[in-house]
Amino acid sequence: MGFRWLLRLSKAQSVTASFCWHGSQRRLFSATIVRRTIMSAWVVDKYGSNDVLRFTKNASFPVINYPNEVIVKVCAAGLNPLDVSMRGGYGAATLSMKRDPLNIQQSGSEFPLILGRDVSGVIMECGLDVKYFRERDEVWAAIPLWKQGSLAEFVVLSANEVSHKPKSLTHVEAASVPYVATTAWSALVNTGGLSKDNCGNKRILILGGSGGVGTFAIQMLKAWGAHVTVTCSRNAERFVRGLGADCVVDYTAGPVEEPLSALDKFDLILDNIGGDTECWALNLLKPWSGAKYVALVTPFLQNTDRLGIADGMMQTAATMACKALKHIVKGVHYRWGFFAPSGPALDEIRDIVDAGKIRAVVEETFSFSQVPRAFEKMEKGHARGKTVVQISDRADL
Ligand SMILES: NC(=O)c1ccc[n+]([C@@H]2O[C@H](COP(=O)([O-])OP(=O)(O)OC[C@H]3O[C@@H](n4cnc5c(N)ncnc54)[C@H](OP(=O)(O)O)[C@@H]3O)[C@@H](O)[C@H]2O)c1
């Protein structure tokens, strides 16, 4: 008589013990798989400038805590201006609450913190409920702000946040896309109501079109047939025209309101700049036509950092309501857009990329040992493409 005990933690790392009974004797004939507990990563132990970045070979190996999670072996990690801000503590109050909603842990429990919001890599392990992915699948993802990031050998993510990577891109190229792409998707599709089926006759203005979000938004909107006007500095004009922008206005040549006011009015404005822009830019929308202004620069995280969660959220809600009301009476919709990690959005973006309509714009690639240099470069700004860190040049497990 024989039977089998099976204790499953995940599909790959199942701890299997099989027993066989021979009379009164019991024999174990298959053993457990030993799993890793540590990995290499760049971590920060406190918020600050570049010198808080620390390389360690002893970072905790990610663990699957929910059956819909996957562990991804990181091949490449993309950096964004947000990583520089988060290194300095931006958003710490809200993100700490999200990591520890019951406020059980002591302050500073987020350390050692791993930055990096973009990942391209290979699935190493799947939770039991994961049906859409298998081990060794090549994937890309944008990582939620409250989760450990991709400047590490491995990262754990919900399967909903992950998507199969475009076949036409290398891992380094793929790692340059997810964060800006899911931000642009959230702003334009979820908040702005645009889709591939309704863009054909739309005029869109992107304020700040030469940065990460802008360059992706230009390409996606052109792939969907919209007419795209962009503001950027003079030396970025050729670059954004190369991505498909129909009309380019140089903000360094003087106030842009005048040249933009001379153009036909717009159906949607994506504002990557914020500040005073809102004082004049909403006048460029077609009134009483459902036209929308989607601002990506919002005070949400600054308010909660400055005032605490409750007061910061109330202040944010009041500001949002005032702005929306002020503009709705003039016949235009004012909205805020937010980064929203999404595997399904990346699935759709992958198809546009593989159709050759969106290209990855990588400005510089750094090795895993050069992460502080990559941050220094990000801090200088004015990039004409993304900064990517190659974590591993091997896509096998
Ligand atoms: N709400 C959210 O969840 C969310 C998510 C992602 C990003 N964001 C925000 O969205 C903004 C854009 O993000 P990003 O990653 O694209 O930033 P980025 O890569 O730094 O790009 C910003 C670009 O704006 C251009 N610029 C600066 N001042 C300008 C002006 N007055 N007029 C026109 N262009 C100007 C700069 O281009 P030049 O070199 O040509 O001067 C720069 O390339 C940032 O403020 C970021 O914080 C918000």
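1. The residues of the shell around the ligand comprise twelve nonpolar, 14 polar and no charged; here Ala, Val, Leu, Ile, Met, Phe, Trp, Tyr, Cys and Pro count as nonpolar, Asp, Glu, Lys and Arg as charged, and the others, Gly among them, as polar. The structure is a predicted model, in which local features need pLDDT of at least 70 and side-chain atom pairs count only at pLDDT 80 or more, while totals for chains, interfaces and linings use all residues. Residues are numbered from 1 along each chain as its sequence is written.

2. The ligand is surrounded by 26 residues, of which the closest are Gly208, Gly211, Gly212, Ser233 and Phe339; a residue is near a molecule if its C-beta atom, placed from the backbone, lies within 6 Å of it. Two or more residues of the shell come from each of α4 (178–191), α5 (212–223) and β12 (227–232), and α5 gives the largest share, three residues. Helices (H or I, at least four residues) and strands (E, at least two) are DSSP runs, numbered from the N terminus.

3. Both domain 2 (38–177 + 360–390) and domain 3 (180–336) contribute residues to the shell, so the ligand lies between them. The domain bounds come from an automatic or database domain assignment.

4. In α11 (residues 343–354), the buried residues are Gly343, Ala345, Leu346, Ile349, Arg350 and Val353. Seen down the axis of α11, they fall within an arc of 145 degrees, so they line one face of the helix; the arc is that of the directions from the helix axis to the C-beta atoms. A residue is buried if 20 or more other C-beta atoms, placed from the backbone, lie within 10 Å of its own, exposed if 12 or fewer, and partly exposed in between. The exposed residues Pro344 and Asp351 are on the face turned away from the buried side of α11.

5. The buried residues of α11 pack against β8 (138–142), β10 (162–164) and α4, contact being defined by C-beta atoms, placed from the backbone, within 7 Å. Just after α11, Gly356 has a positive phi of about 80 degrees.

6. Most residues other than glycine have a negative phi, and most peptide bonds are trans. Arg136, in the loop between β7 and β8, has a positive phi near 80 degrees and is exposed, with 12 other C-beta atoms within 10 Å. Phe111 and Pro112 are joined by a cis peptide bond with omega about -5 degrees.

Notes. Two residues are in contact if their C-beta atoms, placed from the backbone, lie within 7 Å.
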